[in-house]
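Open the model in your viewer and keep the selection tool at hand. The stops below say what to select and what is there.

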Amino acid sequence: MTAAHPAKARVVVTRALFPSHIQRLAEHFEVKDNQADRALDREALARLLEHAEGAIITGGDRIDADSLSLASHLRVIASVSVGYNHIDVPACHARGIVVTNTPDVLTETTADFGFALMMAAARRICEGERWMREGHWQRWELDQMAGADIHHTTLGILGMGRIGQGIARRARGFDMKVIYHNRRAQAPEIERELNAAWVSFDDLFRRSDHLVVVLPYTPEAHHLIGARELALMKTTATLTNIARGGIIDEPALVAALASGQLAAAGLDVYEGEPKVLPELLALKSVALTPHIASASRPTRDAMANLAIDNVIAVLSGKPALTPLEPD
Ligand code: DGY
């Protein structure tokens, strides 16, 4: 006996979404959700994808030839993230699977956060908060938690894409000078609008008072920032990373902070996340957050809805809204 063909396409969701997202998906598809947010190992992920035509995944789900090995019906993978270093896009394309991400909807929220984390590192906000909670505060002192200024300093941006540009716009309100490095300089009209100047990679490290990393994580960007780059930085400078942890050689960063080569760091992303190097956890001069740069409620809602829009489009025979193109 052959099984009846399901009336609706099957869509799987690897992580918990807001209830409204599941409700929306259920209007269109037969949905296998994971509202219990169970951890899926590689085998469980491959099995989940086995009967699905559409999948909504997140940055923690590694999609490669192995996880796709059983996925013979899959037509679209929509990641609730702008970054897509966790997806082997060519392997998906080779199987005719459309892959989408969530650009634009998180740009401003993530830029807000990058700026906030840079300020937290420079002004020792997390350190001060921890110290107070530990009951250390006895009296006012002239040099108590004295950090670095933000206003009228030089902001360096590594990776002047949409989020980098958002951070540059915020710097205007603080009268900062903005320098940046990208493989290619931005168009002169964008540089004028942002009041930002392209500098060489090394100059970015030498000249920045506050350096923010917003670079896509590609194989070339792996450990792009190591002992050599950190040694170029001012001893009063801060380094903030809201891109991907693997861009920075973390032991080299620990050494630079511990030796006073670098004043402070703000980290939202980690190479082995959710595991964090114990040496980083032990350092007072690092403001640490758990990969939440895009985590405002409206933005996370918009990211999930964009992923759903992409799945609806592809499974109804229309082009995806935000497909990842073959290189
Ligand atoms: C993104 O959108 O890439 C964020 O880092 C969340 O994964």
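Start at the ligand and select His291: an N or O atom of the His291 side chain is 2.6 Å from an oxygen atom of the ligand. That is a polar contact, meaning a pair of N or O atoms within 3.5 Å; within protein, one atom must be able to donate a hydrogen and the other to accept it, and residues adjacent in sequence count only if both atoms are side-chain atoms. Taken alone the ligand exposes 230 Å², and the protein buries 86% of that. These accessible areas come from the Shrake-Rupley method with a 1.4 Å probe; for residues, only the protein chains shown count as cover.

Before moving on, note that this is a predicted model, in which local features need pLDDT of at least 70 and side-chain atom pairs count only at pLDDT 80 or more, while totals for chains, interfaces and linings use all residues. Residues are numbered from 1 along each chain as its sequence is written, and side-chain values use heavy atoms, with hydrogens and water left out.

Stay at the ligand and select Val82, then Gly83. A backbone N or O atom of Val82 lies 2.7 Å from an oxygen atom of the ligand. For Gly83, a polar backbone atom is 2.8 Å from an oxygen atom of the ligand.

Which residues are around the ligand? Select Ser81, Val82, Gly83, Leu106, Arg244, His291 and Met303; a residue is near a molecule if one of its heavy atoms lies within 4 Å of it. By class, this shell has 3 nonpolar, 3 polar and 1 charged residues. Here Ala, Val, Leu, Ile, Met, Phe, Trp, Tyr, Cys and Pro count as nonpolar, Asp, Glu, Lys and Arg as charged, and the others, Gly among them, as polar.

Next, select Asp64, in the loop between strand E3 (54–57) and strand E4 (76–79). Helices (H or I, at least four residues) and strands (E, at least two) are DSSP runs, numbered from the N terminus. Is Asp64 buried or exposed? Asp64 counts as buried because its relative accessibility is 18%; buried means under 20% relative accessible area, exposed over 50%, and partly exposed in between (1.4 Å probe, protein chains only). Not counting residues up to four places away in sequence, Asp64 touches Arg42 and Asp88, where contact means heavy atoms within 4.5 Å. The side chains of Asp64 and Arg42 are joined by a polar contact of 2.7 Å.

Now look at backbone angles. Asp37, in the loop between strand E2 (30–32) and helix H2 (42–49), has a positive phi of about 55° although it is not a glycine. Asp37 is partly exposed, with a relative accessible area of 33%. Asp104 lies in the loop between strand E5 (98–100) and helix H4 (107–122), and its phi is also positive, near 70°. At 47% relative accessibility, Asp104 is partly exposed.

For a peptide bond, select Glu273 and Pro274: the bond joining them is cis, with omega about 10°. Pro274 is in the loop between strand E11 (264–267) and helix H11 (278–282).

Finish at Gln186, in the loop between strand E7 (177–181) and helix H7 (188–194). Not counting residues up to four places away in sequence, Gln186 touches Met160, Gln165, Tyr180 and Glu191. A polar atom of the Gln186 side chain lies 2.6 Å from the backbone oxygen of Met160.
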